[in-house]
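Please read them with the structure open.

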Amino acid sequence: MSFPIDRPRRLRRTESLRTLVRETHLKPSDFMLPLFAVSGRGVRRPIGSMPGVAQLSVDLIVEEARTAFKAGVRSLILFGIPDKKDAEGTSAWDPNGPVCTGFKALKDALPEMVLVADVCMCEYTDHGHCGPLERDARGHVAVANDKTLPLLAKAAVAYAQAGADIVAPSDMMDGRVAAIRRALDEHGLSETALLSYAVKYASGFYGPFREAADSAPREGPKDRKAYQMDPANVREARREALLDIAEGADMIMVKPALAYLDVINEVKRLTDLPIAAYNVSGEYAMLKAAAQQGWIDEKRVGLEILTGIKRAGADIILTYSAVDAARWLQDQA
Ligand code: PBG
C-alpha cells in the first residue's frame, strides 16, 4: 500500500492526534539532577561555563533539592569538591566532608528523594586523576588500577553509610564494580544499589564539568584516554557493560549521551537492567550558549534532546536541565 492510499500526514494533523500516536513520553521522574557540594554555609559559586549551575554548600544543596522535588524530579547525584586534595584522594571518604554531610541533611529533609553518590577519586586527588598515579614496570606514569579499587570501595561505603541509596562509580578502573559490591555487602549494605558508569568515553564534552568539579588532570598523563573508552568504539561498549553486569551492577550508564545515542541503543538491547544516560556538561553548555545568543529556542531544543536520549533507550537521564525540563513538561501538560 502506498500513496495516495497511505498518507502518514493524517496522524499529524492536530496536537491531539499527535499525542495519541506519540511513542516516547518524557516525565520529570526520568531525570536525575547532578549537584556539586562544597563545605561552608550559604556558599554559592556559579560555574562560568554552565549558566544556572553552581557549587553549593550543604544548606543550599538541600534548598535546590527541595525545588527539584517540587518540580517532580525524584533523584539527584552528588559530586564533592573537598577543601584539601592529596595524592591518594583521602578526603573522598571523609564523614564530615560535603558529600557525607550532604546525604545526611538530604535524607532528613527529603526522605523520598533517591540519593546517588558519584564515586571517583578525580575531585579528591591533587593531580586530578581518577586514582593514585604510579610508575609502571616500563617507566610510564599511569593510574594504578588495583590500588584504586580499595579507595573507591572505602568511599562508596562511606556514602552509603551517610544515606546514599545508590553508589555510582565513574572512574573506569577494571574490577571496581565487584570490589565495591563486596565492600558494601561486608558492611551490611547489601540494600545499596550500584549504578555503574560502565560505558564512559574519553570525551571533550566533560570540559565544563572539570571547571565545576575542579578535576582536570594536572600531573601525569594530560588526559584520561588510558582508562576511559575510545569514542570510536561500540563493540567495546557491549564488553564493558557485560563485565559490569557480571560483577553485580544493578543499572548501567552510558556517558556522554548526545554523540552516543547508538551506544545507548546497543546497551539497551543487550540487557534488561535499567539504562541511564548522562547528558553531560558540554552538551548543556552548548545548549545554553546557543540559547543565550538567541540562535535556538532552549525549551524546544532542550526537550528535543532529552526525548532523543529517551527514544534511544535511556530509562534515566542525568541532566543539568532537570528542574527546567520538569517545569517545561508541566507547562505543556
Ligand atoms: C568523574 C566524572 C566526570 C564526569 C562525571 N564524573 C568527569 C571526567 O571523567 O573527567 C563528567 C560529567 C559531565 O561532564 O557533566 N570522573
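1. The model is a predicted one. The first point concerns α9 and α10, which are roughly antiparallel to each other, because their axes cross at roughly 160° and an angle over 145 degrees counts as roughly antiparallel. Helix α9 covers residues 281-292 and helix α10 residues 298-312, and the two axes come within 10 Å.

2. The crossing of α9 past α10 is right-handed. On the α9 side the contact is made by L287, K288 and A291, and on the α10 side by E298, V301, G302 and I305. Sorted by class, this contact of α9 with α10 has four nonpolar residues, one polar residue and two charged residues.

3. Helix α9 also holds S281. Is S281 buried or exposed? S281 has a relative accessible area of 1%, and since buried means under 20%, S281 is buried. Apart from neighbours within four places in sequence, the residues in contact with S281 are M50, F205, Y206, G207, P208, F209 and Y320.

4. Which residues form the meeting of α2 and α3? From α2 they are V58, I61, V62, A65 and R66, and from α3 they are P98, T101, G102, A105, L106 and A109. By class, the contact of α2 with α3 has eight nonpolar residues, two polar residues and one charged residue.

5. Strand β3 spans residues 54-57. Strand β3 pairs with β1 (residues 31-38) in the parallel sense, over three bridges, and V38 stands opposite S57 of β3. With β2 (residues 44-46), β3 pairs in the antiparallel sense, also over three bridges; here R44 has L56 of β3 as its bridge partner.

6. How do the side chains of β3 point? In a regular strand, side chains alternate between the two faces of the sheet. In β3, A54 and L56 point one way, while Q55 and S57 point the other way. All of these residues are buried, so the bridge partners L56 and S57 are among the buried residues of β3.

Note on methods:
Residues are numbered from 1 along each chain as its sequence is written. This is a predicted model: local features need pLDDT of at least 70, side-chain atom pairs count only at pLDDT 80 or more; totals for chains, interfaces and linings use all residues. Side-chain values use heavy atoms; hydrogens and water are left out. Axes are lines fitted to C-alpha atoms, for helices over the stretch in contact, and angles run from 0 to 180 degrees between N-to-C directions. Helices (H or I, at least four residues) and strands (E, at least two) are DSSP runs, numbered from the N terminus. Angles under 35 degrees count as roughly parallel, over 145 as roughly antiparallel, 65 to 115 as roughly perpendicular and the rest as oblique. A crossing is left-handed if the near helix is turned anticlockwise from the far one by less than a right angle, and right-handed if clockwise. Contact means heavy atoms within 4.5 Å. Ala, Val, Leu, Ile, Met, Phe, Trp, Tyr, Cys and Pro count as nonpolar, Asp, Glu, Lys and Arg as charged, and the others, Gly among them, as polar. Buried means under 20% relative accessible area, exposed over 50%, partly exposed in between (1.4 Å probe, protein chains only). Two strands pair if DSSP finds at least two bridges between them.
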